[in-house]
Amino acid sequence: ALLSTSIRWVCGATLTMCAAFGIGRFAYTPLLPEMMKSYGWSFAQAGDVASANFLGYMAGALLAPSMANSPKARTWMLLSLVASVLTTYLGAEVTGFWGWLVLRFAAGVASALCMVILTTHLMQTLTRQGTSHLGNIHIAGVGAGILMCMGVVYLSVDVAGQWARLGVLAGVLMTLSWLLLNRQPWHLTKTDGAGVVRGEKAKLWPLTIGYGFFGFGYVVAATFVVAMGESIVSGQTGAQVDAQVDAQVDARMVWIFVGASLIPSVYIWQWLANQYGLLRILRIAYVVESVGVLLAGWAQSIDVLVLACILLGGTFGAITALGLSAARFVAPQRVAYAVSAMTVSFAVGQLLGPAIAGRMADEWGGFLWPSVAAASLLLLAAILARYASR
């Protein structure tokens with residue numbers, strides 16, 4: 001074999017994050033303004049469709065631990081990869097609001113299964129190989145997937161064509177991922193089961209609740225930031241978003257900064273965590289992201305929104321990685337349970353965020369107050385992370 005077991009796992013996991021999250025999850029953000037115009041959605045409806053995705057993510061996170069611990073984990077992983085690709089491609093076929101609710105729910109289930117099953121086995125494998133320092137690298141794949149997604153979005157004007165091409169791209173990435181992962185060992189240590197030992201629980205739960213606040217805090221900007229940008233470019237606010245093509249192009253550009261800043265951020269924040277302590281750096285990352293989220297809601301110009309996107313992209317992938325590492329750190333005997341608990345909490349926050357923020361934006365004609373609420377929850381997450389370190 002030309003590649004070591006650890007490198008194969010990391011490369012396969014990175015490709016999976018590209019497809020399942022960078023494309024399968026986050027394609028919705030740059031395509032959202034065009035979908036709202038094509039389907040006649042309000043911000044509340046757009047938020048509901050996003051929340052359906054996160055409801056599916058929560059359901060998948062609840063199912064995933066038993067699948068991760070199953071002797072058939074390899075098969076469950078393959079089915080999850082296929083489901084993620086199909087639910088992306090089928091975006092080209094669905095036009096009705098209720099159909100989109102179902103489709104995004106299914107996509108959420110698939111992405112959660114990919115995340116929990118793969119991350120659990122990746123962490124265990126890297127620990128056995130003595131290469132735990134590689135454990136967060138795959139999260140950078142989300143940023144790479146966002147950039148790939150934006151390239152495809154610019155190739156087609158029709159929203160159905162965009163979803164179809166993204167589905168094909170996701171299929172190619174998932175195929176490459178499976179070629180790397182298929183022949184690798186898929187088994188967990190016997191200590192990795194349900195539940196946490198008593199000494200771990202007091203530290204895990206503050207971390208888990210804060211991770212849910214993070215889910216709400218980041219997702220408001222991550223779902224609506226392109227719509228915010230289009231409102232700025234068109235000179236309008238709230239649900240009155242101009243349909244001009246120039247406004248769409250300029251607004252979509254801000255999402256590129258999210259993906260571009262996400263890729264190096266995982267490595268930078270991990271280096272800082274190694275130097276100054278995992279939980280301390282996690283708290284700082286929460287605070288930095290809260291500033292970015294607040295700036296996004298307050299921004300009156302594209303320049304300010306770009307800065308907000310850099311802060312958002314520069315933290316949310318890293319916080320995802322650092323949060324899962326922190327869970328593994330405080331509950332080392334029950335990795336699958338800890339990863340699943342964090343993912344479920346994260347999903348609850350994501351589920352509530354778009355639905356609440358969309359209604360607040362419709363009611364108040366903009367995203368300032370939804371962003372204030374989101375930033376406040378991120379600060380609470382930073383406070384809770386301090387209790388996990390005691």
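These legends accompany close-up views of a predicted model.

**View 1. The largest cavity holds about 210 Å³ of space.**
Of its 21 lining residues, the closest to the centre are F21, Y57, M115, T320 and F346. Six helices each supply at least two residues of this lining: helix 1 (5-23), helix 3 (43-68), helix 5 (97-129), helix 8 (198-234), helix 11 (302-330) and helix 12 (335-364). Helix 11 gives the largest share, with four residues. By class, the lining has 14 nonpolar residues, six polar ones and one charged one. The count for the model is two cavities of 30 Å³ or more.

**View 2. The second largest cavity holds about 40 Å³ of space.**
Its lining consists of A20, G24, R25, N53, S84, T87, T88, A107 and S111. Helix 4 (73-89) and helix 5 are the elements that give two or more residues to this lining. The largest share, three residues, comes from helix 4. Six of the lining residues are polar, two are nonpolar and one is charged.

**View 3. T223 is a buried residue of helix 8.**
The relative accessibility of T223 is 0%, so T223 counts as buried. A polar atom of the T223 side chain lies 2.9 Å from the backbone oxygen of V219. Beyond its sequence neighbours up to four places away, T223 touches R25, Y28, T29, L32, A50 and P354. Among these contacts, R25 also lines the second largest cavity.

Leaving out residues up to four places away in sequence, S51 touches Q350, L351, P354 and A355. P354 is also one of the residues that T223 touches.

**View 4. Helix 5 is largely enclosed by the rest of the structure.**
At 1.5 Å a residue, helix 5 should span 48 Å. The C-alpha atoms at its ends are 47 Å apart, which agrees. Just after the helix comes G130, with a positive phi of about 70 degrees. Helix 5 contributes to the linings of both the largest cavity and the second largest cavity.

**View 5. V109 is a residue of helix 5.**
V109 has a relative accessible area of 17% and is buried. The limit for buried is under 20%, so V109 falls within it. Not counting residues up to four places away in sequence, V109 touches G56, Y57, A59 and G60. Y57 is also among the residues closest to the centre of the largest cavity. S42 is 67 residues from V109 along the chain, and the C-alpha atoms of the two are separated by 25 Å.

**View 6. G40 lies in the loop between helix 2 (28-39) and helix 3.**
G40 counts as exposed, at 54% relative accessibility. The cut-off for exposed is over 50%, so G40 passes it. With residues up to four places away in sequence left out, G40 touches M35 and Q45. G40 and A299 are 259 residues apart in sequence. In space, their C-alpha atoms are 26 Å apart.

**View 7. Y154 is in the loop between helix 6 (140-153) and helix 7 (159-181).**
Y154 has 34% relative accessibility and counts as partly exposed. Y154 and H187 are 33 residues apart in sequence. From C-alpha to C-alpha, Y154 and H187 are 41 Å apart in space.

**View 8. D158 caps the N-terminal end of helix 7.**
A side-chain oxygen of D158 lies 3.1 Å from the backbone nitrogen of A160. Helix 7 has 23 residues and should span 33 Å at 1.5 Å a residue. Its end C-alpha atoms are 32 Å apart, in agreement with that span.

How values were computed:
Residues are numbered from 1 along each chain as its sequence is written. This is a predicted model: local features need pLDDT of at least 70, side-chain atom pairs count only at pLDDT 80 or more; totals for chains, interfaces and linings use all residues. Side-chain values use heavy atoms; hydrogens and water are left out. On a 1 Å grid over the protein atoms alone, a cavity is a set of points where a 1.4 Å probe fits but cannot get out, and a pocket is an open set with protein on both sides within 12 Å along at least five of seven lines; lining residues have an atom within 4 Å of a point. Grid points are joined across faces, edges and corners, and a volume is the space filled by probe spheres set on the points. Ala, Val, Leu, Ile, Met, Phe, Trp, Tyr, Cys and Pro count as nonpolar, Asp, Glu, Lys and Arg as charged, and the others, Gly among them, as polar. Buried means under 20% relative accessible area, exposed over 50%, partly exposed in between (1.4 Å probe, protein chains only). A polar contact is a pair of N or O atoms within 3.5 Å; within protein, one must be able to donate a hydrogen and the other to accept it, and residues adjacent in sequence count only if both atoms are side-chain atoms. Contact means heavy atoms within 4.5 Å. The expected span of a helix is 1.5 Å times one less than its number of residues.
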